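Here is a quick tour for anyone who wants to find their way around this fold. Have the viewer open and follow along.

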Amino acid sequence: MIGFYLFLVLEKFLMLLPKRTRRSFFIGLASLAYMLSKRYTKVVRQNLEFVYGNGLDEKFIEEVTKYSYKSLLLNFLYTLEGRYYSIDDIAKKVKFENLEIIKKVQEEKRPIIFVTAHYGAWELGAEMLSACVEPIMVVYKGMNNKYFEKYLLSSRAKWNMDYAEKHGAAKELVKRLRAKKAIAILIDTNVNKQDGIEAEFLNHPTLQIKSTAYLARKFDAALIPILIHADENDENYTIKVYDELVPPKTDDMENDILVSTQMQASWLSREILKNPKPWFWLHRRWKNDYPAIYKK
């Protein structure tokens with residue numbers, strides 16, 4: 001509790017700083033984390049070598065690792081600033097691409113499942129999507145520190161965002177889709193056997209979340225991939241909407257779910273391999289599928 005209140009004091013101080021100074025402070029923290037956090041720096045290398053193979057250029061590994069820390073700290077910065085700035089203020093540095101894809105589904109009055117990932121400024125992307133285009137429900141994992149949990153959830157509520165705790169989230173997601181509303185699901189996290197189905201992800205058979213495929217089929221929801229991309233200075237952003245994924249719907253439900261899951265994994269794989277730096281390489285994505293890669 002004391003730590004949380006000290007954090008709030010720090011937050012107030014940071015928000016008194018000029019915006020450029022505050023941003024520089026967080027980027028400096030990212031550089032410090034890169035130098036001090038040997039454990040997670042090693043995780044980035046392990047993930048990169050698993051995806052691309054051994055013998056990677058050291059400069060590439062260094063660039064991706066530094067960017068991973070920077071991305072993480074900037075996501076936290078945007079969460080903090082979002083508590084103080086108006087939606088209009090933040091919208092000045094964010095634009096949307098291919099919004100007509102979402103508008104078409106809205107006109108059809110179909111529920112939407114936004115398929116997304118820990119890629120770039122994902123917190124900012126979710127906020128702006130929910131506030132400016134379509135209110136969403138997201139699933140979150142409960143935190144041990146309930147003060148920080150309440151802090152994060154209250155930050156998101158400002159953006160017309162609803163949320164469901166991971167344990168028991170299925171019921172809330174079903175209610176949402178039945179009401180013809182939207183949810184957003186991150187499909188790039190580590191998955192256990194109970195919740196996943198094997199698909200090819202970043203060139204390796206990997207357990208992928210299957211609930212998106214199942215829910216889309218059951219409720220005739222549109223599967224719409226979406227990612228946020230930064231400009232070269234990481235100051236202005238484009239939220240890109242991708243074409244709706246339309247999986248088959250046959251009498252073989254099991255195969256249809258597999259095909260749908262693979263379509264999602266293939267889309268995300270293409271985007272990551274096209275521009276790998278913004279993905280969250282600090283995460284031990286394959287700790288259930290290939291635990292040995294993190295024991296090197």
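Strand S3 and strand S4 (residues 162-165) run parallel, joined by 4 bridges. Helices (H or I, at least four residues) and strands (E, at least two) are DSSP runs, numbered from the N terminus, and two strands pair if DSSP finds at least two bridges between them. Within this pairing, valine 139 has alanine 164 of S4 as its bridge partner. To get from S3 to S4 the chain passes through helix H8 (residues 146-157), a right-handed β-α-β crossover. Right-handed here means that, with the strands pointing away from the viewer, the path from the first strand over the helix to the second runs clockwise.

A word on ground rules: this is a predicted model, where local features need pLDDT of at least 70 and side-chain atom pairs count only at pLDDT 80 or more, while totals for chains, interfaces and linings use all residues. Residues are numbered from 1 along each chain as its sequence is written, and side-chain values use heavy atoms, with hydrogens and water left out.

Back to S3 (residues 136-140): 4 of its 5 residues are buried, meaning under 20% relative accessible area, with exposed over 50% and partly exposed in between (1.4 Å probe, protein chains only). S3 also pairs with strand S5 (residues 182-186), in the parallel sense over 3 bridges. There, methionine 137 sits opposite isoleucine 183 of S5.

Now for H8 itself. Its 12 residues reach 16 Å from first C-alpha to last, close to the expected 16 Å, which is 1.5 Å times one less than the number of residues. Glu149, Tyr151, Leu153, Ser155 and Arg156 of H8 are buried. The buried residues of H8 pack against helix H1 (2-16), H4, helix H7 (122-132), S3 and S4.

What about the greasy part? In soluble globular proteins, nonpolar side chains tend to be buried together.

On to the charges. There are 18 salt bridges, counting a side-chain nitrogen of Lys or Arg within 4 Å of a carboxyl oxygen of Asp or Glu. Here are some of them:

| Glutamate 235 | Arginine 20 | 2.4 Å |

Glutamate 81 is buried at 4% relative accessibility, and arginine 22 is buried at 1%.

Glutamate 244, in the loop between S9 and helix H11 (253-274), and arginine 110, in the loop between helix H6 (99-107) and strand S2 (112-116), are 134 residues apart. Glutamate 244 is partly exposed at 25%, whereas arginine 110 is buried at 18%. Salt bridges with shared partners join Lys104, Glu108, Arg110, Asp220 and Glu244 into one network.

Definitions and conventions: Contact = heavy atoms within 4.5 Å.
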